[in-house]
Amino acid sequence: MDRRDFLKKTGVAVAAAGVSASTVANAGSTIKWKMVTTWPKNFPGLGTGANNLAKLITEMSGGRLKVKVYGAKELVPAFEVFDAVSRGTAEMGHASAYYWKGKVPEAQFFSTMPFGMTANEMNGWIYYGGGQKLWDETYKPFGVIGRPAGNTGVQMGGWFNKEINSLADMKGLKMRIPGLGGEVLKRLGGTPVNLPGGELFTALTSGTIDATEWVGPYNDLAFGLYKAAKYYYYPGFHEPGTILEALINRKAFESLPKDLQSIVENACRVVNMDMMAEYSARNPGALEQLVNKHHVQLRAYPDDVLTQLRKLSADVAADLAAQNKAAKKIYDSYMAFLDASKKYSRISDLAYLKARDAG
């Protein structure tokens, strides 16, 4: 089943659960929404994820709610998406919450945390572990609603123009790395730089930065990052399960009839699952191309580097939690869920993968 069939079948199921297709098609006048994103227009995985969300909302509503997507810089700059949705310039946005750390530092927990939760664990926390309630509380003062609308899974460590053989090689490194991962690099002696995806290739080839992380093989191949740096490191300690969020203007959402609200909510859930499935399907083949066709040097971070990164990651998260009561409340919830998940994963996913790979 291809994506179109999957989305159609899921959309039909969701519509059947709430309102008949004929009711959707015939009730009310057409509502038009704008969706601004932090991604280049139609960029594989991330940009197409935003497109899929807009298309699904439009189709599931029978055309009553039409959503038009604008890529980064088409309507607003990439890092102004949150503000655009907050003030109502656009009714929706598609991004990731760590981009707003200067405005809402605690929002970073709803994106990813270095050495934190995987995609499945993040979904568990958000949907069934109290995470969504905390997210709602965090964005409410800004008139914005946040919902999971995609996940990259465990990312790669990044592209480097030199080998990383020890902690010394990380010091002085100027690297594009956002969110809490950037703060970890800073404490290791590097310089984090936050750039939108569309600027990475030029920055790396010009020497503006020494290294960059983006997502993983599927996206990195599409950006041609192998032409700018030859060392490709793993694992992506900084982003183990990054949520891509749908930002929704609260007033616009609350003005919708209940059936359209349900369609928006459930379309986000569908795209959240679909994007993760796409990355799982596309990354292996893309990595093979990078290594075998483009002769990328695949490297694992040295153990001593990972050990120090793990320690610093814990310190960075704890320091963020200490900034205010809201951050502490989110951190406590996050860590409690993570601790419980780790105990179970040792006898489930981790135990199974070790057993499977031993053969």
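Select Arg147 and Ala246. Arg147 stands opposite Ala246, which belongs to strand β10. Keep in mind that this is a predicted model. Now show the whole of strand β4, residues 144–151. Six bridges join β4 to β10, and the two strands run antiparallel.

Ala246 in β10 is the bridge partner of His94. Show β3 next to β10. These two strands also pair in the antiparallel sense, over four bridges.

**Strand β10**

Select residues 243–249, the run of β10. Is this strand enclosed or open to the outside? Seven of its seven residues are buried, so the rest of the structure largely encloses it. Look for Ile243, Glu245, Leu247 and Asn249, which point one way from β10. Leu244, Ala246 and Ile248 point the other way. Both sets are buried.

**Aromatic pairs**

Next, colour the aromatic rings. How many aromatic pairs does a search of the whole structure find? It finds 24. Two of these stops follow. For any such pair, check the distance of the centres and the angle of the planes.

Select Phe109 and Tyr334. Their ring centres are 6.0 Å apart and their planes meet at 45°, so the pair is tilted. Trace the chain from each ring. Phe109 lies in the loop between β3 (92–95) and α5, while Tyr334 lies in helix α13. The pair therefore ties together parts that are 225 residues apart in sequence. Phe109 is buried, with a relative accessible area of 0%. Tyr334 also counts as buried, at 0% relative accessibility.

Move to Trp159 and Tyr232. This aromatic pair is stacked, with 3.9 Å from centre to centre and 20° between the planes. Trp159 sits in strand β5 (residues 158–160) and Tyr232 in strand β9 (residues 231–234), so the pair links parts 73 residues apart in sequence. Trp159 is buried at 0% relative accessible area. Tyr232 is buried, with a value of 0%.

One more ring is worth a stop. Select Tyr127 and Arg269. Arg269 lies over the face of Tyr127, at 4.1 Å from the ring centre.

**The largest pocket**

Switch to a surface view. Rolling a probe the size of a water molecule over the atoms shows where empty space is left. The largest pocket holds about 1,400 Å³ of space. Select Thr118, Glu121, Val154, Pro240 and Leu353 to find its middle: of the 41 lining residues, these lie nearest the centre.

Now show helices α5 (119–128), α11 (258–293), α13 (325–345) and α14 (349–357). Each supplies at least two residues of the lining of the largest pocket. Which element gives the most to this lining? It is α13, with seven residues. Colour the lining by class.

**The cavities**

Finish with the cavities. There are three cavities of 30 Å³ or more. The largest cavity has about 70 Å³ of space. Where is its centre? Select Leu46, Tyr98, Gln155, Trp214 and Val215, the closest to it among the 13 lining residues. Colour this lining by class too. The residues around the largest cavity divide into seven nonpolar, three polar and three charged.

Notes. Residues numbered from 1 in each chain as written. Predicted model: local features only at pLDDT ≥ 70, side-chain atom pairs only at ≥ 80, totals over all residues. Heavy atoms only, no water. 1 Å grid on protein atoms, 1.4 Å probe; cavity = no way out; pocket = protein on both sides within 12 Å on 5 of 7 lines; lining within 4 Å. Points joined across faces, edges and corners; volume = space filled by probe spheres on them. Phe/Tyr/Trp six-rings, centres within 6.5 Å; stacked < 30°, edge-to-face > 60°. Buried < 20%, exposed > 50% of the residue type's maximum accessible area, 1.4 Å probe, protein only. Lys NZ or Arg CZ within 6 Å of the ring centre and 35° of its normal. Pairing = 2+ DSSP bridges. Nonpolar A, V, L, I, M, F, W, Y, C, P; charged D, E, K, R; others polar.
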